Amino acid sequence: MDNKINSQMLKGILSGSILLLLYQEELYGYKLSEKLTKFGFTDIPKGTIYPLLLSLEKKELIKGTLRDSDTGPKRKYYSLTEKGLIEKNEFTVQWNKLKESVDNLVEGSE
């Protein structure tokens, strides 16, 4: 068995994690990817972040704004919408419940 996380599980966790990061500050795609790596998401396949951003934008959970860059073409900075803030809060509640349940199960199986 390899150590890769199931892709469907990862997508849900990444979506919630993106909302959490955008709650803290506006970010563009590459910077968002760097932040995720900093927090331990090191095995994210290339090309995963941008489709998730597009999906979150279509669901109106985030909005993108093009801005000039000091070092090249314009960058699309993402921020939470009001709907995204509600979703972020719901993700946090669900994650805490799920984490507690799995932790209890793991501790009980040792």
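Analyst: One definition is needed at the outset: a residue is called buried under 20% relative accessible area, exposed over 50%, and partly exposed in between. The model discussed here is a predicted one. With a relative accessibility of 16%, Tyr28 falls under the 20% limit and therefore counts as buried.

User: How many helices and strands does the protein have, and which pattern do they follow along the sequence?

Analyst: The secondary structure consists of four helices and three strands. The C-alpha trace spans about 55 × 30 × 20 Å along its principal axes. Read along the sequence, the elements follow the pattern α-β-α-α-β-β-α.

User: What percentage of the residues in the protein is buried?

Analyst: The accessible surface of the protein comes to about 8100 Å², and 53% of this belongs to carbon and sulfur atoms. The protein has 110 residues, and the share of them that is buried is 28%.

User: Among contacts between residues at least 6 apart in sequence, what percentage joins residues at least 24 apart?

Analyst: A contact here means heavy atoms within 4.5 Å. Among contacts between residues at least 6 apart in sequence, the share that joins residues at least 24 apart is 50%.

User: Is Ser79 buried or exposed?

Analyst: Ser79 is located in strand E3, which covers residues 72-80. Leaving aside residues up to four places away in sequence, Ser79 touches Glu26, Leu61, Ile62 and Lys63. Its relative accessibility is 9%, which is under the 20% limit, so Ser79 is buried.

User: How many aromatic pairs are there, and what is the geometry of the pair formed by Tyr28 and Tyr77?

Analyst: The count comes to two aromatic pairs. In one of them, the ring centres of Tyr28 and Tyr77 are 5.2 Å apart, with 75 degrees between the planes. Planes over 60 degrees apart count as edge-to-face, so the geometry of Tyr28 and Tyr77 is edge-to-face.

User: How many residues apart are Tyr28 and Tyr77, and which parts of the chain does the pair link?

Analyst: Tyr77 is buried, as its relative accessible area is 18%. Tyr28 belongs to strand E1 (residues 27-28) and Tyr77 to strand E3. The pair thus links distant parts of the chain, and the separation is 49 residues.

User: Why is the pair of Phe91 and Trp95 described as it is?

Analyst: Phe91 and Trp95 both lie in helix H4, four residues apart, which is about one turn of the helix. The ring centres are 6.4 Å apart, and the planes meet at 20 degrees. Planes under 30 degrees apart fall into one class, so the pair of Phe91 and Trp95 is stacked.

User: Which of these two rings, Phe91 or Trp95, is buried and which is partly exposed?

Analyst: The relative accessible area of Phe91 is 16%, so Phe91 is buried. For Trp95 the value is 34%, which lies between the limits of 20% and 50%. The partly exposed residue is therefore Trp95.

User: Which residues form a nonpolar patch on the surface together with Trp95?

Analyst: Trp95 is found in helix H4, which covers residues 82-108. The patch has about 340 Å² of accessible area in total.

User: Which elements does the salt bridge of Lys76 and Glu57 tie together?

Analyst: The closest N and O atoms of Lys76 and Glu57 are 3.2 Å apart. Lys76 is partly exposed at 33% relative accessible area, and Glu57 is partly exposed at 21%. Because the two lie in separate parts of the sequence, 19 residues apart, the pair ties together strand E3 and helix H3.

Conventions
Residues numbered from 1 in each chain as written. Predicted model: local features only at pLDDT ≥ 70, side-chain atom pairs only at ≥ 80, totals over all residues. Heavy atoms only, no water. Buried < 20%, exposed > 50% of the residue type's maximum accessible area, 1.4 Å probe, protein only. Patch = residues over 30% accessible without salt bridge, like charges linked within 9 Å, V, L, I, M, F, W, Y side chains within 5 Å. Areas by Shrake-Rupley, 256 points an atom, 1.4 Å probe, with all protein chains shown as cover. Salt bridge = Lys/Arg side-chain N within 4 Å of Asp/Glu carboxyl O. Phe/Tyr/Trp six-rings, centres within 6.5 Å; stacked < 30°, edge-to-face > 60°.
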